[in-house]
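Okay, hi everyone, thanks for coming. I'd like to walk you through a structure, so please have a look at the screen.

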Amino acid sequence: MNILEVKDLCKTYIINKRQNNVLKNVNFSVSEGEMVAIMGPSGSGKSTLLYTVSGMDTLTAGEVKFCGKDIAKLSEKELAGLRLDEMGFIFQQMHMLKNLTVLDNIILPATQSEKANETRKETVQRGHELMRKLGIIDIADNDINEVSGGQLQRACICRSMINNPKMIFADEPTGALNRTSSDEVMAELAKLNSDGTTIMLVTHDVKVAARCTRVMYIVDGNIKGEYNLNRYENESQMRERERALNNWLMEMGW
Amino acid sequence: MALNDILSAPKRFLSIIFTYILCMTIVLVLVTTTNTLRSGELVNIFGLHESDVFLSIYSEDILSAVVSGEREKLEGTMTRLETELEEIGIEGEASIELFIKYNLKHGDNMFKSMTLIGLNTTTDMYIYNEGTAPQNPNEVAITQLVAEKLDAEIGDTIIVCQEHGEVEYLVTGYYQSMNNLGEGVRFHQDAPVDFSMLSGSLSFQFDYTDSPDEKTKEERFKKIEDLYGEENVMTAGEFAERSTGVGDAIDAIKYLTLGLVIIIIMLVTLLTERSFIAKEQGEIATLKAIGFNTSSVVAWHTLRFVIIGVVSSIIAVLISTPVTNLAITPVFKMMGAAYGVNYEVNLLEVAVIYPTILLVTTIISSVLTSLYTKTIKPSQASSIE
């Protein structure tokens, strides 16, 4: 079943009265359980694509259906509700509210949502479970500036999962992390995906993309090619996957 | 979230809280001062007794009686007043305060002062701040100013240079009077005062003798106004206000200040909220990205100002009376109220109406300013450092 269907998507920005066509007639779909990476040179429209299909930015033309709902026809409130209940977001900059603890940041979307219909105690319990799953339970009561980048990004993953979303959107989730932390974060995302969460992410990192089941290469606002990787079963397959992906990207003009 | 923001970084909000408290307190001080200037209790600080009705009538009769010094004429006018009111079903007693200027001596000190004697009153009807009321015809109560000028205390004997010679009077107590900026001597009602030396009088005062309830008092007041004209009939508060002559002026200042304070609060709220939005763009964009809509963000930001506004209001209400005392009592003291004033604190105005006006101003400014967050898109969460 397709969670996301994109048809003839166009996005245009007007900057200093000049029209900038960032996305031009983009077509693709994402099935349930996939982990899709979007790669491409700088300025190719990767992040714009991610934000437009997730409803964080408006589309200029075309159609984006998320779980059958045309997001262009939703009001601001309905779109916010969709993002709250059905989508999760992870950003490169790991924005969190500095006056809340790590746990409070994680459960924040749940306090706003009526999806789970639970008490605060139950929400906190679920937050703890997620943190335990991602190995960061020890930092639950810490301030966000008392934790490492890797821990904070894993907290962002927990936050993105708290409302049991159908799909997670991640923009350069490892962009601000060192190699070790990147590997840890990607391992967690891969685990989530293997548990059934659909993920779409933007990345420059081949190692990150190699963990995905599909890679889309975008150039000048158009999807130039797609590469299917399927699932990997163990870490020893990673080197081969990276090599194969690298070769394909070189062919694409990377 | 809003409360958490304030508790986590209180320094950030201190300047706003301080501004709100200052603005609200200034308004509440003026409110209390205006109410005090219009309160019946102030009559006591003019050295008079508080009556149910004050009447500025029969001015020609009073003037002629004062000039001729005929006590009987004054008493006759009071009797006439009582009779006219009895005819419309209102029973009570009329009285009037008379002024005489005398030279006073004590030791080497000499001072010319206004003195008071009540017609159809007794000295125990007045308030004395120290000592007791004059009980005998040769006893007086004096104000602090007179005591200082004569260097006389309670228990001393002062000399009043009256028409028939120098007469000794025992000082039994102190009272305060804003008449003649604190100058005053009160004679016993039976003191040997020569009415031919009268220099003036105040309005007639009328007291009901049957202790009516408030509703009855209001009905009677209306009847008396119908009889003698609204402009000539006053409550104790109206009399006090007319006597100071500044009630309306202070009232006007109060409303002007309220207007200025509203503008200041709006500006402070607007500027502070804009600076918060500028600093928190990333957080706002992230909240929107994870599913908070604009109205949730507006509510969060506004709630901060509501909390600050409520806390500031409570503090302002609590400190307004002590601040009024600190700021305004010296002014009353300069006017002759040596022992200060009991301020008329109208709880409805001080604790509800004015704080609500300022709180509503805060909320409206905050809501309107925080609508600016509408321009922050969820996608900006990725581009803000």
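Predicted model: local features only at pLDDT ≥ 70, side-chain atom pairs only at ≥ 80, totals over all residues.

Now zoom out a bit. M131(A) belongs to the largest nonpolar core, which has 49 residues. Together with V102(A), I157(A), L189(A), L201(A), V215(A) and L245(A), M131(A) touches the most other members. And where does the largest share of this core come from? From helix α5 of chain A, residues 149–161, which puts in six residues.

Okay, on to the rings. Over all chains, the structure holds 14 aromatic pairs. Take F89(A) and F91(A): they're stacked, 6.4 Å centre to centre, with 10° between the planes. Both of these residues are buried.

Now compare Y217(A) and W254(A). Their ring centres are 6.1 Å apart and the planes stand at 70°, so this pair counts as edge-to-face; the cut-off for that is over 60 degrees. Y217(A) lies in strand β9 of chain A, while W254(A) is in the segment after α8 of chain A, so the pair ties together parts that are 37 residues apart in sequence. Buried or exposed, what about Y217(A)? It's buried, because its relative accessible area is 2%, and buried means under 20%. W254(A), with 33%, is partly exposed. These two also share one aromatic cluster with Y227(A) and W248(A).

Over in chain B, rings meet charges. The charged end of R80(B) sits over the ring of Y58(B), 4.0 Å from the ring's centre. R186(B) does this with Y126(B), its charged end being 3.5 Å from the ring centre.

Last stop, back in chain A: a sheet. Quick reminder, strands of a sheet pair through backbone hydrogen bonds, either parallel or antiparallel. Here we have an open sheet of four strands, in the order β2-β1-β4-β5 of chain A, with antiparallel pairing. So why do β2(A) and β5(A) each have one side without a neighbour in the sheet? Because they stand at the edges, and each has a single partner strand. For β5(A), there's pairing with β4(A) over two bridges, and F66(A) stands opposite K69(A) in β5(A). Helix α1 of chain A, residues 46–53, packs on the sheet and touches β1, β2 and β4 of chain A. The helix direction makes about 120° with that of β1(A).

Key:
Residues numbered from 1 in each chain as written. Chains lettered and ligands numbered in written order. Heavy atoms only, no water. Pairing = 2+ DSSP bridges. Contact = heavy atoms within 4.5 Å. Axes fitted to C-alpha atoms, helices over the stretch in contact; angles between N-to-C directions. Phe/Tyr/Trp six-rings, centres within 6.5 Å; stacked < 30°, edge-to-face > 60°. Buried < 20%, exposed > 50% of the residue type's maximum accessible area, 1.4 Å probe, protein only. Lys NZ or Arg CZ within 6 Å of the ring centre and 35° of its normal. Core = buried A, V, L, I, M, F, W, Y, C linked by side-chain atoms within 4.5 Å.
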